Amino acid sequence: MELGFLLGSVVKIVAVLGWLYGLLQVMAHASRWVKIAGIVIAFGIIQIAFSLRIGNQAILNDFDAGLLFQACTMAMVALGLNLIYGFNGQFSLGQWGFYGLGAYAAAYVTYKWFNDRTSSALFVLLIGVVLAGLVILGLRRFLGRYYNLPVLSAFTLYLIGSAAAAAVAVFAGNGIASIVDPLFGTKEAPGLLSSDVALQVVFLLAVICAGIFAAEVSFLFGLPVLSLGSDYFGIATLGFSIVINTLMVNSDTILPFPEMKGGRGMIGIPKLTTWFWVFAFLLLVIVIMRNVIHSSVGRAILSVREDETAAKAMGIDVAGNKLLAFVIGSLFAGLGGGIYAHYIGFLSPGTFSFLAGFNPLIVVVFGGLGSMTGTLAASFGWMFFLEGLLRVLLGQLGTEAPTWRFVLYPIALLLLMLLRPQGLLGKTEWGFLRAPQVKPRPPANPTSDARPAASIAPAAR
Amino acid sequence: MQQASAEQPIAVLSADALSVAPRQSGAGLAWIGRGFLLALAALVVFILARNLLDNPRLFAQIVISGLQLGFVYALIALGYTMVYGIVRLINFAHGDVFMVGSFVSFFAVSRFSLHTWPAVAFPGISPDLSTLIGAVSVIVLSMIVCAALAVVIERVAYKPLRNAPRITALITAIGVSFFLEFFGALNFVFSPRFIPYQRPFDVYAYWIGAQGIGMVTPQTPAPDGSITFSSIFVIIVVASILMQILLQWLVKRTKIGKAMRASAVDKPTTRLMGVNVDRVISFTFAVGAAFAGLAGVLFAIAYPSIHTQLGILPGLKAFVAAVLGGIGSIPGALVGALIMGQAEALTAGYISTPMRDAVAFTILIIVLLVRPTGIFGEPEREKA
Amino acid sequence: MNSRSIKMISILGAAALALAACAAPRPVAQPEQPAEAPKEQPAAPAGGEIKIAILAPLSGPVPTFGVSTRDGALLAIEEWNAKGGVNGMKIVPIVEDSQCTADPAVNAANKVIDQDGVKFIIGEVCSKASIPVSEIANAKKVIQISPTSTNPAVTVGSDGAVKPYIFRACFIDPFQGQVAAKFALETLGAKTAFIMLDQANDYVRGLAEFFEKSFTEGGGQIVGKETYTDKDTDFSAILSKVAEAKPDLVYLPDYYNIVNLVAKQAKEKGLTMPFMGGDGWDSSDLDLTAADGGYFTNHYSSEDTRPEVAAFIKAYGAKYNGAVPDALAVLAYDAANILIESIKAAGTADDTDKVREAMKAINFKGVSGQITFDDNNNPVKSAVVLQVKDGKVSYNTTVNP
């Protein structure tokens, strides 16, 4: 029986990786219809496995579902980190902070909607991210007129702009909410907007806004900090993670959010994450990531990693590309956080401690720096191995064995670094994630997502 | 956004560099950033000044606790600054070597009563001398064990990766750090418990004030308006300063110090000059770790509760201190560490304890923005 | 459709088959979705076994708490098995590492419920892990008894409804805080108190909150309140403020590791007022010289002459090489006993509703006192106040609820 468990866990890892491979291959297919059908089938297989019972048991039970959901959020966070670290060469330890930021922001919106029946948090966040986004883009255009602008000055301007946007958002959001709120009715007499459909829409908006929110914070933070050297940047981002964690712990004392309950943990977040949402957001992240990497922007990002001086000499805006990679990476982390919060239904600062923040880094390294496939595979493998197989395995070895878990994985990490420093998959990419084959001259493949090369940098690989 | 005009043909971030339109110099806008910093500084000075005037005694007391913390950080920071200066590696495992130092001294004292050996060997010896020799031998043992551990780590984990990308070595360092923490937490190693540390000598508190100076005992509490400090504070300050001087001498005046400085600048050329660079690097690790071992013992004596994750935060803060002071600079490490200590203690005292990490890292970022190489840093070289 | 897409689809198909295959070798487990009506379970796992899961943080930030909890619970189970099990069935413990963090705890809970078919969980230690586990366990009608999670949200949901399948074996914060305040005011005659707390630790925060409330209501005055974090080692800035405020008492309801540091530094600063704390002080690792003169509220006193206490301390020491049980081990031992006793009273291990009813009605003589459960599934039991004096912990008074 126990052997059955073990075997089952191993088979599951293989099956999930096979599923991932199939998905990526089918997404690379030339025909749009095959692509769509493949994605639907890939979604459907898992969905059916959740609900279909063989005997008394779902093919994928809640344990597996939990692992799968966590693996998908980890994949989003780790893909973002791979963009920052693997593709752009900026050693960041702040990804976990942005993940937490996204989780708390999204959870707060749905919490307010679901429990307090008010849309104030939704509107504040929505208006806030839109306004701050406009301010940042506008200021960027305006400041583009100056060269040699001191970073600190630019940062001050952005900070003032964003703070103003936030203030307006709080004012306007609460104003709109007070008009809209009566539509909910009360708990006893539900109104127009308290339907499940509305809740799903709010959830979607909350996750997206949380992602953008994380991205905007990363812009503000990254602007001054990215101008430090790579290692200093790492330490500063680690500091960011620690500070975010501190703020979470004090969310009800230093920050004005009593619902987050500080260190006691935020309870009562509606568990809205379903396989559909997880799959959809993961797919979104994969598509954005792949299209960024294989575009001219992506090549610019890569060239910055390879050689900053040479990139600059080629006319590439080094600082701007670093910032762009950082912002997109943080966006992914924020999205992942929003999904995670509504899966677990409970947020506590302990989950986002900076030690746990090394996990996505280790996932990226295991998969291979600069390999999207590697990161995806490692996220799934990591979760199913560490939480699935190892949990079952160590459980068999007696009551002392679980204490060895964290001894084994640094050893694995060390061995990997010494024997195969490029990661398990090196720079292999599967199917969809491979660089699109652009035919030399017309007619270019109409379904290919590749932008015609306005190449300002030689392909760095 | 619709009015994308001819002056910015491509609305992507990389466009700025390509744009051909005449651009003004932004140097004239430097006052904005400077003003922001000045406002921030003014706020800090205001808070501190108000509290100083409010209660000078409390202020002095807090400054003393900041000094104690700062001098411990300084000892750890030495290891970081030397290692980073020579191999450009954030040695994350350094904080854990520091932890091992605490544990070695714990076992030496509690299990083997090493601190009492002079009294056992020479029964006639005066108790003070016995304590002194005993304590010093505990410290020396910790330093040796830490140095050996660091050399092993360097040989096993870092040396094979000397020519790999720096990122690889960094990940390895994180791996080593985790390994030391969690291997140490196994029951048959250090155990995962929070262990009360048995000091090799007793620590006494003293007060100093208008009435003079005296020892604090339960019968004679410190008089009103006096400042208290403990004997371990004095020991930490003295030891830390001594070690700074020793290291300064080592680096500036000895042959191996010269080799270290040469390796930091240019390893291939140094090798051509007949210096065994690998041995120099190992030596650097060993010296840094020995200081960490000393810091570990003093830290455990000052804050007598030890566990295997003890080294993470002090290690991190010490690295920040080393960066703050300018990496590779020994006086820089001291100054940076003292700033970190004060920032922590004053934030804990006057703003809010949980925010002290935030303040420490903010100071780091601001200092690096204004002086990218840290306070005492040499001008930036092109790095590998 | 070209050959490539056929290949792809066949790969997807193969993956699906593999997924299906891995379900086959598994034993019968509880399949209910939360929404479904309770169905009668198929017969219990073969051979007269009851599986009880122990979720404890064996790795992660607080492994020492996890080890104590595991040892206490395992001791209880071993004793029952030595007596021939419960209702003629052998008890099989399944120990899972839940790391005191939400995600691993949820995974561990899902694993024991869905893979192993467990219906009884002892754990988790930390509230931040117990809360997400309690939601899963409650939805799946699995009985969970947390030995040490003090956060009210473990047994009561965010909507204020009690989770019927979730219990705990420890005091919740209001009671202990109240007892401490009462003792401080009446027995120690304290007029002023200073509170030190860790904002991130809900246990500490809860105790501090209710101590403050009861103390001020009883006519005392809180002269200062300072926060720190669990990573702190240097408390001199805070202690300087304590010295400044000159309170009659410092309330420090944290675990022994923090107490050791704070008490020692306080002594070195020449602070002589007594410190007072909660059951987190109860550990063989408490530094008795540093904490000398301090008081803390606890579940039991090891000097207690009740046979349960003496027998437990003896058995624990015999099993774990002379180790002295701390509060976590005691509570885990009691939690396991309450659970097994309830299974015995219910006469079945299949119907968790019956066990739940039995547990609700239990009147159990545990090491930590006579235990009954109140409406919120929190235990009602008396507390003792212990004093640290002359290198040992001695009994001072008992306070009844």
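Two residues are taken to be in contact if their C-beta atoms, placed from the backbone, lie within 7 Å. On this basis, in the predicted model described here, 28 residues of chain C are in contact with 31 residues of chain B. The side of chain C that touches chain B draws two or more residues from each of helix H2 (63-82), strand S7 (221-228), helix H7 (236-245) and helix H8 (256-268) of chain C, and the largest share, six residues, is provided by H8(C). Divided by class, this side of chain C comprises six nonpolar, twelve polar and ten charged residues.

Chain C itself is divided into domain 1, covering 49-171 + 306-381, and domain 2, covering 173-298. The centres of domain 1 of chain C and domain 2 of chain C, taken over C-alpha atoms, are separated by 29 Å. Seven residues from domain 1 of chain C and eleven residues from domain 2 of chain C take part in the contact between them, and the side belonging to domain 1 of chain C is made up of three nonpolar, three polar and one charged residues.

Chain C also meets chain A through a pair of helices, in which helix H3 (residues 62-87) of chain A packs against helix H3 (residues 102-115) of chain C at an angle of about 155°, the axes being 7 Å apart. Because angles over 145 degrees count as roughly antiparallel, H3(A) is described as roughly antiparallel to H3(C). On the H3(A) side the residues are A:Asp62, A:Phe63, A:Gly66, A:Leu67 and A:Gln70, and these meet C:Asp103, C:Val106, C:Asn107, C:Asn110, C:Lys111, C:Asp114 and C:Gln115 of H3(C). The residues of this contact divide into three nonpolar, five polar and four charged.

Within chain A, the axes of helix H4 (residues 95-115) and helix H8 (residues 230-249) come within 8 Å and cross at roughly 30°, which makes H4(A) roughly parallel to H8(A). Here A:Trp96, A:Gly97, A:Gly100, A:Leu101 and A:Tyr104 of H4(A) form the contact with A:Phe240, A:Ser241, A:Ile244 and A:Met248 of H8(A); by class, the contact has six nonpolar, three polar and no charged residues.

In chain B, helix H13 (residues 330-350) consists of 21 residues and, at 1.5 Å a residue, should span 30 Å, a value with which the 30 Å between its end C-alpha atoms agrees. Of the 21 residues of H13(B), 18 are buried, and the helix is therefore largely enclosed by the rest of the structure.

Notes: Residues numbered from 1 in each chain as written. Chains lettered and ligands numbered in written order. Predicted model: local features only at pLDDT ≥ 70, side-chain atom pairs only at ≥ 80, totals over all residues. Helix = DSSP H or I, 4+ residues; strand = E, 2+ residues; numbered from the N terminus. Expected span 1.5 Å × (residues − 1). Buried ≥ 20, exposed ≤ 12 C-beta atoms within 10 Å, placed from the backbone. Axes fitted to C-alpha atoms, helices over the stretch in contact; angles between N-to-C directions. Parallel < 35°, antiparallel > 145°, perpendicular 65-115°, else oblique. Nonpolar A, V, L, I, M, F, W, Y, C, P; charged D, E, K, R; others polar. Domains from an automatic or database assignment.
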